[in-house]
Amino acid sequence: MDTLVVEGLQVNYGNVQALKGVSFKVPKGQIVSLIGANGAGKTTTLKAISGAISGKGTVVFNGQPTAGMESFKLVGQGLIHAPEGRGIFPNLTVMENLQLGIVGRHSAKVHFAKNLEEGFTLFPRLKERIGQMAGTLSGGEQQMLAIARALIGEPELLLLDEPSLGLAPQVVKLIFDIIVRINKDKQVTVLLVEQNAKQALKISHYAYVLETGKISLEGKGSDLLNNDEVKKIYLGEH
Ligand SMILES: Nc1ncnc2c1ncn2[C@@H]1O[C@H](COP(=O)(O)OP(=O)(O)OP(=O)(O)O)[C@@H](O)[C@H]1O
Ligand SMILES: [Mg+2]
């Protein structure tokens, strides 16, 4: 079964057409990546799926069209977006940010204590900094907080926008390892947007290349890693 099916998605900003009819799917239990250059439309795609912006075309989540549904309603059904730039609240503490992870999601309220402990197991550093203002965390710690908060909402589909952006190589590795664990251990379906195409393709079951608002290429992660065009343009190999 497909957790997410996107068909003919179009988004305009004024007279700029950012998405020109994007179609793809995310099968249940898989990690699917969307890779592409700056400005290709990756963030726009995630925003349109989570209801942050509206577009034309169809988005079907767990068999139901999401047309016109507000973000908070989609969150209630387990469609959770960890946005570009992390989206944490800098003037709230780590704990307060984590508590916001349950807003709008009933099942997550019931399991908050357990999910919080699991979050701390994945990211022990957050536990040490529980009372610290989120804005004073390092970039890597803020990213950990953004992911932990998303997990506290018990996602069925987790949308991750550039989780590795600006992080040191060791933290990048940690974040990718954790995405794999979340997918394997908790069966969370993941739609991952990344500039770090190599790491993303390595952990993805399937991937799509977005080029100025259109899907230009798709395939298994392992196949795209060996594709000459992908190697040259997105992996910097010649
Ligand atoms: N609010 C907006 N108003 C006008 N144009 C926008 C807006 N948001 C995005 N765009 C434009 O839409 C296009 C797609 O932007 P988007 O943020 O989706 O790209 P992206 O693939 O996520 O890029 P990056 O890798 O740099 O994050 C870009 O040309 C961008 O300038
Ligand atoms: Mg983006």
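Biologist: Why is strand β8 largely enclosed by the rest of the structure?

Modeller: In this predicted model, strand β8 covers residues 189-194, and six of its six residues are buried, so the strand is largely enclosed by the rest of the structure.

Biologist: Which strands pair with β8, and in what sense?

Modeller: Strand β3, residues 31-35, pairs with β8 in the parallel sense over five bridges, and strand β7, residues 157-161, also pairs with β8 in the parallel sense over five bridges.

Biologist: What stands opposite Leu-192 of β8?

Modeller: Ser-33 stands opposite Leu-192, and Leu-160 stands opposite Leu-192 as well.

Biologist: Switching to β7, is that strand buried or exposed?

Modeller: Five of the five residues of β7 are buried, so this strand, too, is largely enclosed by the rest of the structure. Leu-157, Leu-159 and Asp-161 point one way from β7, whereas Leu-158 and Leu-160 point the other way.

Biologist: And where do the partners of Leu-158 lie?

Modeller: Its bridge partner in β8 is Val-190, and Ile-80 stands opposite Leu-158 too. Strand β6, residues 79-82, pairs with β7 in the parallel sense over four bridges.

Biologist: Last one: which helix makes a unit with β7 and β8?

Modeller: That is helix α8, residues 169-186, which together with β7 and β8 makes a β-α-β unit that is right-handed.

Key
Residues numbered from 1 in each chain as written. Chains lettered and ligands numbered in written order. Predicted model: local features only at pLDDT ≥ 70, side-chain atom pairs only at ≥ 80, totals over all residues. Buried ≥ 20, exposed ≤ 12 C-beta atoms within 10 Å, placed from the backbone. Helix = DSSP H or I, 4+ residues; strand = E, 2+ residues; numbered from the N terminus. Pairing = 2+ DSSP bridges. Right-handed = clockwise from strand over helix to strand, strands pointing away.
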